[in-house]
Structures are given as structure tokens and as C-alpha cells.
Amino acid sequence: MLRIPINERENWQEMATDYGFHFHTMYGERYWDERAYYQFTLEQIERDLEDPTEEIQQMCLSVVERVIHDDEYLHRFCIPEAHWDLVRQSWLNGDPSLYSRLDFSYDGKSPAKLYENNADTPTSIYETGFWQWLWLEDQVQAGKLPKQADQFNSVQEKLIQRFSELEYLTPSRALHFSCCKDTPEDRGTVQYLEDCAKYAGLSTDFVFIEDIGHNELGEFTDMDDAMITWMFKLYPWEFMLREPYAEWLQKNNVRFIEPPWKSLLSNKALLPMLWKLFPNHPNLLPAYFEDELNQANPTQTLVKKPIFSREGANVSIIEAGTHTPIVGSEGPYGEEGFIYQAHHPLPRFGESYSLIGSWLVGDEAAGISIREDEGPITQDMSRFLPHVIV
Amino acid sequence: MKRSQSIQQEFMRKRRWQFVVKPMTVAIAAIAAGCSSNREEATFVQSVSDCVDRTAMNVEQCTYAYEQALSEARRTGPKYQHKSHCETDFGIEQCYQAPNNIWTPLISGFLVGYIANQALNSNREIDIDFYGGGYKKRRYNPVYRYDSYVGGNYNKLMTADGTIIGKHGQSTYKVPKKTLTQKMPSSKKTISRGGFGSVASAKSSWGGGKSSRSWGG
């Protein structure tokens, strides 16, 4: 695993405009950064990332199976009691999942360690599935990269295939895509997924989260008063379950992508549960609930993470033994409590810390994305870099 | 190979290519000569045999209509400088090279106006006139089927002048009003909106109100 500088494609900004990739630069800073790329061997990809990704997915599914039947765990996962049935039912019905992203710390040598599972609202899939794919095509064509250069990235192909399967499982419904207003990154992500769904032949529509309504029957409606019966929402379940319309969720014949049971996996409580069920697994870091901290090795530096948190907010690294914070990020999360995970720093390549996102489409590993940050906690100002397999 | 074999790149493009030659305007009303309303009903047929099966015209008349549509297409149809641009709008292998290195889409069929179709039996005079050669006085508009998601016209039918007449699959066309997707119509009016999104809104006020660019992660 190497970080190699390369010249940028001259016209990439213009191409980005053509393809509708509008969030490559945010707040005046680069987000998409093609001044360098990461290089992997096929063995690193297959043995260290692809196989563990599919294995961890299966482990996560056994956590769901365990938690769903245990009220105590549902409490620990901070699922509002009024919605336990919704979550349970979606699992028991077998409501299918579209995608997830597992975040790993991986240095190319030692086993990848799971940081967390973005199972409900993963973003950066456009950059992964399409944009870095296009970068490789262009750089090979331009003779800047060898012809045999490959990439671990069948994301777009698999998404299209998965949408066809989902349509088969959810027949004769139009699929409404949704995200919040004023979120260019989310809007772009949702547009990409809608494009893939259309390519797969699905009938699609769009409505903003804030514009969703309901009629007197309690059916959710879009801006044309048309019924929403199947919905992809880039909006976290932990928010939805605490909002006024949550009461209509169970009275409604509506299917969701991701389904409600995914709220158990996008949840940091997943981490101590995985460690309980699969202790000492090479791809897991020791993790504990707050009241189990006495089980942690007293010489172990820990990372304190809120049960619910996005984009690395409210995460702190705390000292072994004394549990005092050394470094931390701010944010609006943490009211539901915290979990603790053994500190395992991100590898550094040059000035940057890099984090691997490993994508699942359904239960299949589909590709990776790499984000870099100047600090040890990857936040929403991180940069996205492409990769190759040589 | 560990990556997607191929991605239809033109499909991913969001900025639309322009026609190099502006389409000429052809009045849709012309499909129903003698009737000034542009809301006249017309039948979309996909081939000569489809025309024979579904209209009152015979093989000879349908062949004539088809040839007229082709000629109209050559004259006024959409034209592109590059094959890929044309395929972006009309689909892979749906374009051919016309003279002067111009690319133009294949037609999906043509329109047969109401009078040329059903009125024949009810009005003897029109009938005689029509079969006596009157059918040659009518215009048979070529129709193209959009295959592009850009601009919201996917699977819609367009005449040579760029007018969208409706979604593919209708037997007759009156006005272009069909929406793209088959949404479930609700008989009930929406009585409330805005019940989702409040947590995000509360969280985004953290940090001095800088709106988050994402609620994903």
C-alpha cells in the first residue's frame, strides 16, 4: 500500500460540471483530490479488505438477530420503545438492504480494524462508484497509469444489479428518493443512486425529507399528493424515529431503503456487541459499553464515541487508566450515551491520516474508497483520493 | 477484473448536448388537416405493418406514410455532430450517420392522424377523397423515442420539431401530459407536511448555524 503523487487531469473540473459532480470542492477546500493515489496489491485487496468485509457483514447480521430478540439490548441500542416493533418487523419480514460502508484502519500490513459501520446513510458512493472509476479510465487512456492497472470498485455495476433485485422483491411500486434540503453532498449522492435505479429500469421520483406530508389516512405523500409507498431516504433512522411523523410509520404500508433494522448496525452500540459475540476477532477492536469499562485493559488508550454521531463529531481519544480526554472533536451528539473502543490510530502516509471505506452492496463486498484527514479523527472536511490495484 | 467492466458514461452525463441544427418547426396540427385544433387525436405506429393493423389505411397508404415520415425526419429531425451525443439522447445503436457527417436518431415510428384513421367510415366524402389520393396530402410526422434521463424526457415520444407528445406506450396521443413515473395516485389530499427533518434542523444550528452539507456519513 503506497501513496503515489500523480498529475491531475487537466480538464477534470470541467468534466465534473458535465457529469453533475458539484461537491468536489467545499468551503473553498478540495474534497476530491487527485494529486495522488493509493496503490494496493491484489492480495492486500482480497485477503485484507474484501474477505473481512463480507465476513464482518455476516457477523453484523448475527448481532441484529441477537439484539432484535432482547429488550435489554434494544434499550442499549437506544431504539425508542415505541418503534421496537417497526425495527423487529422489518428484520423478520426480511426487508432487503441496498448498501453499507465499513470504515477500516488499514496500513497494508496488519489486519484491517473495523472502526464503524455506516449501515444506514453512507455517503461518498458517487465518488467511489463512478468518479474514481472514471479517473482510472482517463489516466490509463492518457498513458499515465499502466494498462493493467485495476481498481477494487464494482460498486456501480453491483448497485444496478441490486436495484433490479430490490424491484423484484418490491414489485409495482415507484421508488421515491429523498434527502434534506441545502445539503449538496446528500443531494448528489441521492441523484446518483436514483440514476442507478433508473438504469436498472425502476420507476423513480424525488421528494425532500422536509416536504414529506401525510393525508388523513396517514399515508405519506410527496409534493404532488401522490402516495409514497417505497422510499430511499438519506436521512438517519435515529432522527426519524424521534420526529413527529414517526407515529405514522407503523400504520403505513411503506418500504424503506435502508430498512429500519439497519438502525441497529449504523449504531455505535454495534461495536461492543460485535466484541461480545466475536471476541478477539482479528478485524475487530476491543469495545465496551459505558458500564463495562472495567473490562477494558487499564493500559489501553480508548476512543469514546457517541452511540449516534455523524462525520466524526463528538469523538474523543481518552487516556488509559484515568480516562481523561487527550484530543477530541466537537459536535451536537452524545445525549444517548457513549461506547468505548480501543484506540488504534490511523496509518499516516506523508502528512495525512488515511481511512479505508469498504463498500457492501447487499451482502457482497463491492469496492473501497479512501479518505484523508490532517487530524487523527476523520471528519467532514476530509479529502477523497482514488486508488489502483497493480 | 475488480472494477465495473464498463459504465455507460454518456448515461451519467448531466449537461446536455445541443442539437447542431436547430429543428424546424412543424405544426403538429398538420397531422389532422382540416382541423385547426392541435389537440387532435393521433395514432402512433411503429412500422408499416403496425400501421396496417391499427389504422384504416392499407399497405400502400401505410408505406407512403412511412416514406413521408422518413423524408420529414431527414429534413427536420434532430442532428448531432457526434454519435455519442446523439446516443446520449436516444440510446445506444439508435443513431445513424447522415450526409455531411451528421448523426441523427432512427425514428421509432410515425403518427397517423385521426381523420386518416377512424373518420373514414363515417364520412363518405372524406372517405372518397382520402382513398382517391387525399392521404397523400396529409403529413405523417416522424416520432423519436427519448432514451435520456437528462431533462426528464426518458421514454417519451418526440416529433421531429422537438415537441414531446407523451410517454411511449399509449395507443393514441392527444396532449403531452403524462408524467414520467407511474406514481400511485392518492384520492386523499395531504393535510400536513414537515413532520420529518426536525432533528436535522436542530442539530444543524450547532456550530453557529453553518448548515451541514450532509446527514449521511
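## Reading the contact between chains A and B

Mentor: Let's start at the interface of chain A and chain B, where the rule finds six salt bridges (a side-chain nitrogen of Lys or Arg within 4 Å of a carboxyl oxygen of Asp or Glu). Keep in mind that this is a predicted model, where local features need pLDDT of at least 70, side-chain atom pairs count only at pLDDT 80 or more, and totals for chains, interfaces and linings use all residues. Residues are numbered from 1 along each chain as its sequence is written, chains are lettered from A and ligands numbered from 1 in the order in which they are written, and side-chain values use heavy atoms, with hydrogens and water left out.

Trainee: Which side chains meet in a salt bridge with an N to O distance of 2.8 Å?

Mentor: Those of Arg3(B) and Asp150(A).

Trainee: How do I read the size of an interface?

Mentor: It is often given as the accessible area lost when the parts come together. Here, chain A and chain B bury about 5900 Å² between them (accessible area lost, 1.4 Å probe, summed over both), and carbon and sulfur atoms give 54% of that. Asp18(A), Tyr19(A) and Trp133(A) supply 12% of the area that chain A buries against chain B, more than any other three residues.

Trainee: How many residues does each chain bring to the contact?

Mentor: With contact meaning heavy atoms within 4.5 Å, chain A brings 88 residues and chain B brings 43 residues.

Trainee: What about strands? How do I read a pairing?

Mentor: Strands are DSSP runs of E, at least two residues, numbered from the N terminus, and two of them pair if DSSP finds at least two bridges between them. In this model, strand E9 (residues 213–215) of chain A and strand E9 (residues 190–193) of chain B run antiparallel, joined by three bridges. There, Asn215(A) stands opposite Thr190(B).

Trainee: In what order do the six strands of the open sheet in chain B come?

Mentor: The order is E7-E6-E5-E4-E1-E8, with antiparallel pairing. Strand E7 (164–167) and strand E8 (172–173) of chain B are the edges, each pairing on one side only. Within the sheet, E5 (residues 142–145) and E6 (residues 156–159) of chain B share three bridges, and Arg145(B) has Leu157(B) as its bridge partner in E6(B).

Methods. Buried area = accessible area lost by both parts, 1.4 Å probe. Helix = DSSP H or I, 4+ residues; strand = E, 2+ residues; numbered from the N terminus.
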